[in-house]
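Please look over the sequence and the model before reading on.

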Amino acid sequence: MASVLIPVLYVIIVFGSLLVFSYFYKRRNARKVYESYFPQHHERDVYFSLMQLSDPPAPETLLKAALVRRAMTDVTRIIRLREDKPALQNLLQKGSIGDDLWNSLLAAEKEMEAEILEVAAEANAYVEGWGSVIFQTATEMMHNEKMRSLVEQIPSIRAEAERKYGRSALPKLTVEPAPQAPSTPQLPAPATLVPSTPSRPSTPARPVTPSSAKSSNGLAPPSAGADSGTFSDSDRSVSTPSSPRSPSKSSSSKKSKKRK
């Protein structure tokens, strides 16, 4: 019986001591204030100070500008948290960093979540629906400021490069005209073969001789007799002279009988 109670008491004592140690350790860590992962939020303090002005009150445009500036700082911190969290997690697993830095990162994440909700609520208080686009506007303004700072640093970077490597003439860029493409010769359009219809032989024109044409001596031309078939009977009676009537044979025979 005694051999069974000793291991059971040992297990109870070990697990009880671990539970007590974890309880006090969690209470101590809960009271412990970790070092802030980010520096003090200056833009948020400026916005709150402008909100507290009462004589005279700050104009609404100034408050909106301060709120946008506050959102720009929040966007910068969110991007940094997304970039640092995977690296710190790998270092924590390898034992290269302590729990304090990791806990400060987690506390910064919770703080940023509350900050985003607060900024969105403030934006909706000024303009309905502005809270959904204020961070997009802040992101665009942040990229614009980065680009402007790079452009402003160009003269100093150039002067430092000239001082370090010496001043050299910039190469002249010559723009050559693009070569013209050779013009392709235009081919003649293919002729379409159309079947030709045989033409009918033309009949020679017949010369027309007027009937009223007369020679200088008053006689009809010799071709008039050949073409007489074309004239009517009335023309024939007019054109041909009347011949004297000759006595018939019957009348001559009657006269001879009477004389006898």
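## Confidence of the model

The structure is a predicted model. The protein chain has an average pLDDT of 75, and 64% of the residues score at least 70. Across residues 207-250 the pLDDT falls below 50, and this stretch has eight contacts in the model beyond near neighbours in sequence.

## Nonpolar cores

The largest nonpolar core comprises 17 residues, and those with the most contacts inside it are Leu67, Ala71, Val119, Trp130, Ile134 and Phe135. At least two residues of this core are supplied by each of helix H2 (42-51), helix H3 (60-94), helix H4 (99-126) and helix H5 (134-152). Helix H3 provides the largest share, seven residues. In soluble globular proteins, nonpolar side chains tend to be buried together.

Another core, of nine residues, lies apart from the largest one and includes Tyr37, Phe38, Ile78 and Leu105.

Arg44, Tyr47 and Leu50 are the buried residues of H2. Because they cover an arc of only 125 degrees around the axis, they lie on the same side of H2. The cover over the buried residues of H2 includes H3 and H4. An α-helix has 3.6 residues a turn, so residues three or four places apart point the same way.

His41 is placed in the loop between helix H1 (2-31) and H2. With a relative accessible area of 3%, His41 is buried. Residues up to four places away in sequence not counted, His41 touches Arg70, Thr73, Asp74, Arg77 and Glu115.

## Salt bridges

Nine salt bridges are found in a search of the whole structure. Arg44 takes part in a salt bridge with Glu111, in which the closest N and O atoms are 3.7 Å apart. Since Arg44 lies in helix H2 and Glu111 in helix H4, this pair ties together parts that are 67 residues apart in sequence. Glu111 is partly exposed, with a relative accessible area of 39%. Arg44 also forms a salt bridge with Glu115, the closest N and O atoms being 3.2 Å apart. This pair, with Glu115 in helix H4 and Arg44 in helix H2, ties together parts 71 residues apart in sequence. Both Glu115 and Arg44 are buried. A network of salt bridges links Arg44, Arg70, Glu111, Glu115 and Glu118.

A further salt bridge joins the side chains of Glu60 and Lys64, at 3.6 Å from N to O. Glu60 and Lys64 are four residues apart in helix H3, so about one helical turn separates them. Glu60 is partly exposed at a relative accessible area of 43%, and Lys64 is partly exposed at 25%.

## Aromatic pairs

The count of aromatic pairs comes to three. The rings of Tyr23 and Phe24 have centres 5.4 Å apart and planes at 75 degrees, so this pair is edge-to-face. Tyr23 counts as partly exposed, at 47% relative accessibility.

The rings of Tyr47 and Phe48 have centres 6.1 Å apart and planes at 55 degrees, so this pair is tilted. Tyr47 is buried, with a relative accessible area of 0%, whereas Phe48 counts as partly exposed at 32% relative accessibility.

Definitions and conventions:
Residues are numbered from 1 along each chain as its sequence is written. This is a predicted model: local features need pLDDT of at least 70, side-chain atom pairs count only at pLDDT 80 or more; totals for chains, interfaces and linings use all residues. Side-chain values use heavy atoms; hydrogens and water are left out. A nonpolar core is a set of buried Ala, Val, Leu, Ile, Met, Phe, Trp, Tyr and Cys residues joined through side-chain atoms within 4.5 Å. Buried means under 20% relative accessible area, exposed over 50%, partly exposed in between (1.4 Å probe, protein chains only). pLDDT is the predictor's confidence in each residue, from 0 to 100. Contact means heavy atoms within 4.5 Å. The arc is that of the directions from the helix axis to the C-beta atoms. Rings of Phe, Tyr and Trp (its six-membered ring) pair if their centres lie within 6.5 Å; planes under 30 degrees apart count as stacked, over 60 as edge-to-face and the rest as tilted. A salt bridge is a side-chain nitrogen of Lys or Arg within 4 Å of a carboxyl oxygen of Asp or Glu.
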